[in-house]
Amino acid sequence: LFMALGLRVAAVIANFTTGSSLHFLKVDSLEKISFMGAQVSVPAQWEPNPWLFLGPVAALTLLCYIADASFRLWRGRSPDQRRRAVLCGGSFCFFLLAAPAWAALSAYGVLELPINASVPFFAVILVMSYELRRAAAGYPRAMAALQNSEQRLRHAAAAARLGLWELDIATGQIWISDEGRALYNVSPGEQMNMALFFKTLHPDDRPTVEARMEEAVSGGIAIEAEYRLVLPDGSIRWISALGRVEQNDTGKSVLMRGVSMDITNRVLAAEQSEIQRREVAHLSRINVLGTLAGTLAHELNQPLAAILANAQTGTKILHSEEPDIEETSAILQDVADDAKRAGAVIQGMRGMLKKEDQAEVQFFSPNEVVREVVAMLHSELLSRKIPVKLELEEILPPVCMDRVGFQQVLINLAMNGLDAMQEQGAGGTLKIITSRRGGVSVVSVHDSGPGIAADRLDGIFSPFQSTKPGGLGLGLSISRSIMESSGGELLAQNHPAGGAVLDVMLPVSSSNSGLPY
């Protein structure tokens, strides 16, 4: 295109500086000819301008550009685009071929025709008239379709209670729909801008929203955020917003369009669901402790009996004529160890019974918790005469979640495994295995029971699905919800060698280093 324009400028300059015109250096005489029913004057004797070639070359260069543009338009493959490529591109190509040829043949005397006749322009004028007529005829339909589209969009936004908005990044001014004004509590006559928007945000959410908007504007990316608005009466409204940045030809972000939606009910429902989940989990822990009441009493009775016996022995030694200090020291150490053991049992019971609004997330060793659970089930294992085998990985990725919740999950899985093996009537071994899978800590509970029936495998974690007499069928369901709420996972499968395997996929902490436990 620039080459064609440059050649055309050169032709215009030559037209005024090299002879009478671009076509003739000089004209010696004229003659009359008949053209389209009229008498016109044409040169009779003349000398052609040697710079005449600039006109046809400029026309041919422009012809190449228009032909390429028409071909690109044809490749769009829509009927309207192909029609324009043929009509507009064809007419312009005809003009660019016919007009220079007409002028050159007349200038060199091949044809006796007026050199400035505009016959080749007729095709272009006809095509332009045709396109203008089509555009004028289609304008009312296009306007009607646009109005219908806007009306449908407006009704859809109103039905879904969506607020549409558009931010001018340069000025900070915001256009917002009527639904959006209702969401952000902006009066109809009030001008919405970024200052007013940030003023309505909850103070704790303002820095996060500002940072995300700056990142979206600087990078020209979409933004998605959930934040709280503080209404004039002090109530809180949760908003979910999605926006997309538009850039100009230079890559500068100039506009952001988006939509906002009130998600307060959804957030409150999620919070209420989480409260109910914790209530059910707490009741499940109490039920587990009730089941293990005899075991816990036995676990406390052993260290207390040992403390009493050691205290009596120590008293006799101290009242002897020659007290054995070393022996007394060893007895006191045994008393302290037994007291710690009893305290650990009581602390574990308190943790299981404690009701908290939010789970206490902490770092811990999976192997350490496994050993604690096995200690709590020690008497249960002895009474059922079922041994437990631990296969613990020495170095595991660190875990961060609710420690008491993880204890509850392991107790539920271990008790289910013990019940399955006891129902089978034969002996067996309960295996608890810790391992690493792709950087994730996994605790597997493998029993030697009959396994999980094929028709129950898919719904084993559904609530109220139990095969035990008097069972509520909530243990596995609660266990999975505990793991999912912590970012982990609970899976079930049958082992090829027999029995069921429950895999606890623990959530990995932000640290990438493994911890020896």
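In this predicted model, L410 touches V369, V370, V373, V443 and V445, leaving aside residues up to four places away in sequence. L410 belongs to the largest nonpolar core, which holds 36 residues; L410, F406, L413, V443, V504 and L506 are the members that touch the most others. Several elements each supply at least two residues of this core: α11 (366-376), β12 (399-402), α13 (403-424), β13 (430-437), β14 (440-446), α14 (475-485) and β16 (500-505). The largest share, nine residues, comes from α13. In soluble globular proteins, nonpolar side chains tend to be buried together.

Apart from this core lies another, of 24 residues, with W165, L183, M213 and L229 among them.

An open sheet of six strands runs in the order β5-β4-β3-β8-β7-β6, and its pairing is antiparallel. The edges are β5 (192-193) and β6 (223-230); each has a single partner strand, so one side of each is left without a neighbour in the sheet. Strand β3 (residues 162-168) pairs with strand β8 (residues 253-262) over seven bridges in the antiparallel sense, and L164 stands opposite V259 in β8. Helix α7 (residues 206-219) packs on the sheet, where this helix touches β3, β6, β7 (236-247) and β8. The direction of α7 makes about 150° with that of β6.

Charged side chains make further links. Side chains of opposite charge can pair when their charged atoms come close. The model has eight salt bridges. One of them joins D205 to R228, with the closest N and O atoms 2.9 Å apart. D205 lies in the loop between α6 (194-200) and α7, while R228 lies in strand β6, so the pair ties together parts that are 23 residues apart in sequence. Both D205 and R228 are buried.

R437 forms a salt bridge with D503, the closest N and O atoms being 3.5 Å apart. This pair links distant parts of the chain, since R437 is in strand β13 and D503 in strand β16, 66 residues apart. R437 is partly exposed, with a relative accessible area of 40%, whereas D503 is buried, with a relative accessible area of 2%.

The salt bridge between R480 and E484 has its closest N and O atoms 4.0 Å apart. Both residues lie in helix α14, four residues apart, about one turn of the helix. R480 is partly exposed at 26% relative accessible area, and E484 is partly exposed at 48%. Elsewhere, E166, E246 and R257 are linked in a network of salt bridges.

Definitions and conventions. Residues numbered from 1 in each chain as written. Predicted model: local features only at pLDDT ≥ 70, side-chain atom pairs only at ≥ 80, totals over all residues. Heavy atoms only, no water. Core = buried A, V, L, I, M, F, W, Y, C linked by side-chain atoms within 4.5 Å. Buried < 20%, exposed > 50% of the residue type's maximum accessible area, 1.4 Å probe, protein only. Contact = heavy atoms within 4.5 Å. Pairing = 2+ DSSP bridges. Axes fitted to C-alpha atoms, helices over the stretch in contact; angles between N-to-C directions. Salt bridge = Lys/Arg side-chain N within 4 Å of Asp/Glu carboxyl O.
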